[in-house]
Amino acid sequence: MTPVPSSLTTDLAAVVGADHVLTDAADVAPYATDWRGAYAGTPLAVVRPGSTDEVSAVVRLAHEAGVAIVPQGGNTGMCGGATPSGDGSQVVLSLGRMRKIRDVDPVSSTMTVDAGVVLAEVQQAAASVDRLFPLSLAAEGSCTVGGNIATNAGGTAVLRYGMMRSLVLGLEVVLPDGRVWDGLRSLRKDNTGYDLTQLFIGAEGTLGIVTGAVLTLHPATPARATSWVALPSVAAAASLLPLLRDHAAERLTTWELVSRPALDLVVSQGVPDPLACDAPWFGLIELAGPAGATVGDDLESALGAAVEAGLVLDAAIAGSPAQRDGLWALRERISEAQESLGPTIKHDVSVPITSLDDLVSRLAPALEQALPGIRPIVYGHVGDGNLHYNLSRPESLEPDAFWARAAELSAIVHDCTVELDGSISAEHGLGSSKAAAASAYKSEVEVSLMRSVKDALDPRGLMNPGKVLPLG
């Protein structure tokens, strides 16, 4: 490990102000551990710049000193991607002070923002000009645009709007040596070479630090129709997708899947179950359109056809905003409810939609054979083939013994996913938890290309080392 110059924190304080260079254990604690408590480190310091110029100066100082930087947004990631190492050698660079919405343009349907703006604030700013920023996920009240870009966030509207990379037109990025690339362009067409914007999306801060972004907005969709449905199987859920599209076309925004054990957990936490149906699977469907759109008629027509085809066993349709919130709670509170079962081994996988049934059919017996009594809590996004296949420990097994089996159990989930031409990370990124596994499942050519990009932009390996690609 390269010795850290004793003057570094003094130099950093000269850039951002002494109040924004944190070194006391109590002050750095919120930045040293991820929100799940699964990853923890010991940063050399936490630096909180307030502008792109300050980020540039901080990165330049760290680069000259040979000190690694771990960028951090809202610290809501699932894979340890924003957690420093435990040796006290890395600086956490928090963008939480960079909260400016620089421009909102309803004519071009774009918004330019700092990386530290919270996702919910972007949604609200879009709504204020009768536009929609469609990215929506459970952490939207605390996650930031920079983190959403770094991990290529997904959420519940990917089916209609795509992932974060589909919602970004341009970026401002501080490079590993402190230079700033100004790519804040709102152009829909720019065919002048390599798409550098896309290069940094999903890179998790390993190639540079996103400090600003031009986001694309969509027409507002105040008309909503929402339903909770009971399903006979995952195969039925997959078959329901084209039927919904036939009836609703682009108004189909959400098609979420929830297993019976996941639903039972949420209901046990006090959320009402709208259906008295003993089904193995359930789903949340939402159609959205402009004011006056007949989304309710479209949904009723689709559900009628689905029941007739045997794809839906029963359905409840929200008749008010409060009822809609109640149906969404059945989906959105699963992760919180699962915490009541203790430690959770989380997986975020995707397969072709037609392989979803194969995935769940293979995994349940394989995991039960490996660890009898294991409790899979499965939910996710039918429309993009993404399941959160989370595992809770058998009631008779102590937490430490359960964690000791994590690698073995994750290998079962990942092996099956890859056999079905899937991905071991659909929307949560790789961070440190999946970096080695992802490289092991990728081809030698693919890993070599990724390392070539990393080495070209960050030859000293100082940008979020050990994330996305394993060290070495």
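At what angle do helix H8 (residues 234–248) and helix H10 (residues 295–308) pack, and how far apart are their axes? The first legend answers this. The model is predicted: local features need pLDDT of at least 70, side-chain atom pairs count only at pLDDT 80 or more, and totals for chains, interfaces and linings use all residues. Residues are numbered from 1 along each chain as its sequence is written, and side-chain values use heavy atoms, with hydrogens and water left out.

**View 1. Packing of helices H8 and H10.** The two helices pack at about 140°, with their axes 9 Å apart. Axes are lines fitted to C-alpha atoms, for helices over the stretch in contact, and angles run from 0 to 180 degrees between N-to-C directions. Helices (H or I, at least four residues) and strands (E, at least two) are DSSP runs, numbered from the N terminus. On the H8 side, Leu240, Leu243, Leu244 and His247 make the contact. On the H10 side, Asp298, Ser301, Ala302, Ala305 and Ala306 meet them. Contact means heavy atoms within 4.5 Å. Six of the contact residues are nonpolar, two polar and one charged. Here Ala, Val, Leu, Ile, Met, Phe, Trp, Tyr, Cys and Pro count as nonpolar, Asp, Glu, Lys and Arg as charged, and the others, Gly among them, as polar.

**View 2. Aromatic pairs.** The whole structure holds three aromatic pairs. Rings of Phe, Tyr and Trp (its six-membered ring) pair if their centres lie within 6.5 Å; planes under 30 degrees apart count as stacked, over 60 as edge-to-face and the rest as tilted. Tryptophan 228 and phenylalanine 282 are stacked, at 6.1 Å centre to centre and 10° between the planes. This pair links strand E12 (residues 223–231) to strand E14 (residues 281–289), its partners 54 residues apart. Both tryptophan 228 and phenylalanine 282 are buried. Buried means under 20% relative accessible area, exposed over 50%, partly exposed in between (1.4 Å probe, protein chains only). Phenylalanine 402 and tryptophan 403 form a tilted pair, because their planes stand at 45°, with centres 6.4 Å apart. Phenylalanine 402 is buried, at 0% relative accessible area, whereas tryptophan 403 is partly exposed, at 40%.

**View 3. Helix H13 and its cover.** Helix H13 covers residues 356–370. Its buried residues are Leu356, Leu359, Val360, Leu363, Leu367 and Ala370. Among the elements covering them are H8, E14, strand E17 (348–350), strand E19 (386–392) and helix H15 (406–419).

Methods:
The expected span of a helix is 1.5 Å times one less than its number of residues.
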